[in-house]
Amino acid sequence: MARLVHQPLEDEEFDFILGMTDGPVLAYFCGSWPKALEPCRAMDAVVAALAQEYGTRLTAVRVDITRCPGQTKRYEVTGAPTAVLIAGGGVLASLAGPVTADEFRVLLDAHV
């Protein structure tokens with residue numbers, strides 16, 4: 001069964017998700033301002049498909065930069081969309097900008 005793409009409403013909820021997850025977390029940071037909307041919406045579909053494909057090996061989390069400014073700063077996110085692969089409290093890898101499913105697979109297959 002696939003893990004759902006979670007959407008924390010605040011920094012503390014993101015921390016809770018990280019604390020409750022044993023495996024890697026793919027956090028993709030999105031913005032709600034006009035220039036970020038289109039690429040972030042494209043990432044929504046890609047990450048949802050990957051969450052389905054990788055099933056229980058991966059937890060996907062969509063992080064709104066505006067709602068979770070602490071996480072944005074913590075993971076040094078400077079633009080949207082940005083994806084960060086997190087495991088064991090540390091960053092394994094990150095990708096900035098719109099990313100294709102194949103680019104994600106290369107990253108995920110190296111770490112998941």
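Guide: A salt bridge here is a side-chain nitrogen of Lys or Arg within 4 Å of a carboxyl oxygen of Asp or Glu. By that test, Glu53, Asp102 and Arg105 are linked in a network, and the whole structure holds four salt bridges. Side chains of opposite charge can pair when their charged atoms come close.

Some ground rules before the pairs. This is a predicted model, so local features need pLDDT of at least 70 and side-chain atom pairs count only at pLDDT 80 or more, while totals for chains, interfaces and linings use all residues. Residues are numbered from 1 along each chain as its sequence is written, and side-chain values use heavy atoms, with hydrogens and water left out.

Glu53 and Arg105 join through their side chains in a salt bridge at 3.0 Å, N to O. This one links distant parts of the chain: Glu53 sits in helix H2 and Arg105 in helix H4, 52 residues apart (helices are DSSP runs of H or I with at least four residues, strands are runs of E with at least two, and numbering starts at the N terminus). Glu53 counts as partly exposed at 42% relative accessibility, and Arg105 is partly exposed too, at 25% (buried means under 20% relative accessible area, exposed over 50%, partly exposed in between, with a 1.4 Å probe and protein chains only).

H2 (residues 34-54) and H4 (residues 101-111) pack at about 45 degrees, their axes 10 Å apart (axes are lines fitted to C-alpha atoms, for helices over the stretch in contact, and angles run from 0 to 180 degrees between N-to-C directions). That makes H2 oblique to H4, given that under 35 degrees counts as roughly parallel, over 145 as roughly antiparallel, 65 to 115 as roughly perpendicular and the rest as oblique. On the H2 side, Met43, Val46, Val47, Leu50, Glu53 and Tyr54 meet Ala101, Phe104, Arg105, Leu108 and Asp109 of H4 (contact is heavy atoms within 4.5 Å). Sorted by type, the residues of this contact are eight nonpolar, no polar and three charged (Ala, Val, Leu, Ile, Met, Phe, Trp, Tyr, Cys and Pro are nonpolar, Asp, Glu, Lys and Arg charged, and the others, Gly among them, polar).

H2 has a hand in another pair. Asp44 bridges to Arg62, with the closest N and O atoms 2.7 Å apart. Asp44 lies in H2 and Arg62 in strand S3 (residues 59-64), so this pair ties together parts 18 residues apart in sequence. Asp44 is partly exposed at 23%, whereas Arg62 counts as buried at 15%. What else does Arg62 touch? Leaving out residues up to four places away in sequence, Arg62 touches Val5, His6, Gln7, Pro8, Tyr28, Cys30 and Cys40 along with Asp44.

One more bridge is worth a stop. Arg74 pairs with Asp15, and their closest N and O atoms are 2.9 Å apart. Distant parts of the chain are linked here as well: Arg74 is in helix H3 (residues 69-74), Asp15 in helix H1 (residues 11-20), and they are 59 residues apart. Arg74 is partly exposed at 44% relative accessibility, and Asp15 is likewise partly exposed at 36%.
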